[in-house]
Amino acid sequence: MKRSDFLKIVGGGAAMTAILPSTLRAKDAARSNEYIEPVSIATWRFGLETTAEAMKVLRAGGSALDATEAGVKLCEADPKERSVGLGGRPDRDGFVTLDSCCMDHLGNIGSVAAVENVVHVSSLARAVMEKTPHVMLVGEGARQFAQEMGFPLQDLMVPDSKREWEKWREKSDYQPIVNIENHDTIGQLSLDEQGRLAGICTTSGMAFKMRGRVGDSPIIGAGLYVDGAIGAATATGHGEEVIRVVGSYRVVSEMERGFSPQVACERAVQKIYEFFERRQAGIQDTQIGFIALDKRGRTGAYALRPGFQYAVARGGEDPELIDVQALLKS
Ligand code: SD4
C-alpha cells in the first residue's frame, strides 16, 4: 500500500470517527423520543399490588425511581406484611429494625440499615442518596437523620409481632432459619417510558435476628444493583448467602456479559449453590431468589428452591404473578 493510499484511508477513517459520534447522538435522540413500554417487577405476592401502584406512576410519565418508591411504600405501610416496614418482625431483643437501599440509572445510591421507628425506610434511603454526600447511614444516626428530614417516628411493633416474639422468647432458640414464611423482603425494579431503570429493596430482615445483624437488602451490589445501560437485579432470602456472592451485582454483570435476565439469575443462584458445596455448609434451611429486568424490558427470576414468586406489570396490562423455577427440587 502506498503511503498516500494509507493516508486516504486514515483520513476517511478520521472523517468517519468524526461523523460517528454525532450519528450516534442523533440516534440516541431519536431513541429518547421512542415510546418505551414501562415495566415494573417485584418479589413475592405483594408485588401484585406494588407493581400496579408503580405502573400508575409510570403510565403517567413518572420516573422509574418515583414509581418504585410509590410501590414499595404500600408494602412498608401495611402492618400485615410481617417482614417489611410497619409490622416487621423484631430482632431477638424485641427491636424492630429496618434496612433499605435504592439505586437509579445514573448510579446514584442511598442506603439505611438497622433503623428503628421509621416506616418508610425506602424514602429514607432515597433521602440519603439525594440530600447527603454519603451513601449509607445506620442505626441511631439514620434515625436522627430521619427526624431531621421530618420523617414521623413511631413504634413499629404490631401486636401480632409482639405475640410471636414473646412466644419465640419462651425458647429463645437462635436458629435464623430462612424459609418461605419468614423472608418476604420486597425488591422492586422499574423501567420507565424514557428507558430509565431504578430499584429499591426494603425489609425488616430475618425474624428474631441478632441485634445489629444486617443482611443483603441495604447493601448495594448484594440486595440491589442497577446499571442504567444494562439492567437491574434484586434479591430476597438468606442475606448472608447473597452477600457472599455479591448477588445482585453478579446478576447484572452476567447480563453485561450478554446473558438474558433469566439466565443471569440462574447463574447467580448456581454460584450460591457452589459456595455452599465448597464450604460443605447445610443448604436445607435456606432460600434465595433473584429477579432481574434489563434495559429492553426483558425480565427473569430464579430461586434456590421452589416457592418463590414474583409479580410483573407491563404496559397497560394487569400485573401477573409468576411461579419461579428453582435449582433444587424441594
Ligand atoms: C435479609 N434478605 O435480611 C433479607 C431479608 C430476608 O430472611 O429475606 N430475611 O437477609
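This is a predicted model: local features need pLDDT of at least 70, side-chain atom pairs count only at pLDDT 80 or more; totals for chains, interfaces and linings use all residues.
**Entry 1: the whole chain**

I started with a count of the parts. The protein chain holds nine helices and 12 strands. I then looked up burial, and 51% of the 330 residues count as buried.

**Entry 2**

Which order do the eight strands of the open sheet follow? I traced β4-β3-β2-β6-β5-β1-β11-β12, and the pairing is mixed. I found β4 (136–138) and β12 (320–323) at the edges; each has a single partner strand, so one side of each is left without a neighbour in the sheet. From one strand to the next, the twist averages 10°.

Strand β11 (residues 309–314) and β12 run antiparallel and are joined by four bridges. To find my place along the pair, I noted that V312 stands opposite E320 in β12.

I also looked for helices lying on the sheet. α3 packs on it and touches β2, β5 and β6, with its direction at about 20° to that of β6. Helix α5 (residues 139–148) packs on the sheet too, touching β3 (109–115) and β4. The direction of α5 makes about 105° with that of β4.

**Entry 3: a look at helix α3**

I went back to α3, which covers residues 64–77. This helix has 14 residues and reaches 20 Å from its first C-alpha to its last, close to the 20 Å expected at 1.5 Å a residue.

Which residues of α3 are buried? I listed A64, L65, A67, T68, E69, G71, V72, C75 and E76.

What covers the buried residues of α3? The cover includes the helices α2 (47–59) and α4 (121–131). It also includes the strands β2 (98–104), β5 (186–191) and β6 (197–203).

**Entry 4: the sheet of four strands**

I moved on to another open sheet, made of four strands in the order β7-β8-β9-β10 with antiparallel pairing. Here β7 (224–227) and β10 (299–303) stand at the edges with a single partner strand each, so one side of each has no neighbour in the sheet. The twist averages 10° from one strand to the next.

I followed the chain from β7 to β8 and found a hairpin that joins them through three residues. These two strands pair in the antiparallel sense over four bridges, and V226 has A232 in β8 as its bridge partner. On to the next pair: strand β8 (residues 231–237) and strand β9 (residues 288–294) are antiparallel over seven bridges. In β9, F290 is the bridge partner of A235.

Two helices came up here as well. Helix α8 (residues 247–256) lies across β7, β8 and β9 and runs at about 145° to β8. Helix α9 (residues 261–279) packs on the sheet and touches β9 and β10, its direction making about 20° with that of β10.

**Entry 5: both sides of β8**

How many of the seven residues of β8 are buried? I counted seven of seven. In a regular strand the side chains alternate between the two faces of the sheet. I checked each face of β8 in turn: G231, A233, A235 and G237 are buried on one side, and A232, T234 and T236 on the other.

**Entry 6: around the ligand**

I found 12 residues surrounding the ligand, and the closest are T185, R213, D216, G237 and G239. I then looked up some distances. An N or O atom in the side chain of T185 is 3.3 Å from an oxygen atom of the ligand. D216 places a polar side-chain atom 2.6 Å from a nitrogen atom of the ligand. In G237 a backbone N or O atom lies 2.6 Å from a nitrogen atom of the ligand.

**Entry 7: two positive phi angles**

Last, I looked at backbone angles. N117 is not a glycine, yet its phi is positive, about 70°. N117 lies in the loop between β3 and α4, and it is buried, with a relative accessible area of 18%. V246, also a residue other than glycine, has a positive phi near 45°. I located V246 in the loop between α7 (239–244) and α8. V246 is partly exposed, with a relative accessible area of 38%.

Key
Residues are numbered from 1 along each chain as its sequence is written. Side-chain values use heavy atoms; hydrogens and water are left out. The expected span of a helix is 1.5 Å times one less than its number of residues. Buried means under 20% relative accessible area, exposed over 50%, partly exposed in between (1.4 Å probe, protein chains only). Contact means heavy atoms within 4.5 Å. Two strands pair if DSSP finds at least two bridges between them. Axes are lines fitted to C-alpha atoms, for helices over the stretch in contact, and angles run from 0 to 180 degrees between N-to-C directions. A residue is near a molecule or strand if one of its heavy atoms lies within 4 Å of it. A polar contact is a pair of N or O atoms within 3.5 Å; within protein, one must be able to donate a hydrogen and the other to accept it, and residues adjacent in sequence count only if both atoms are side-chain atoms.
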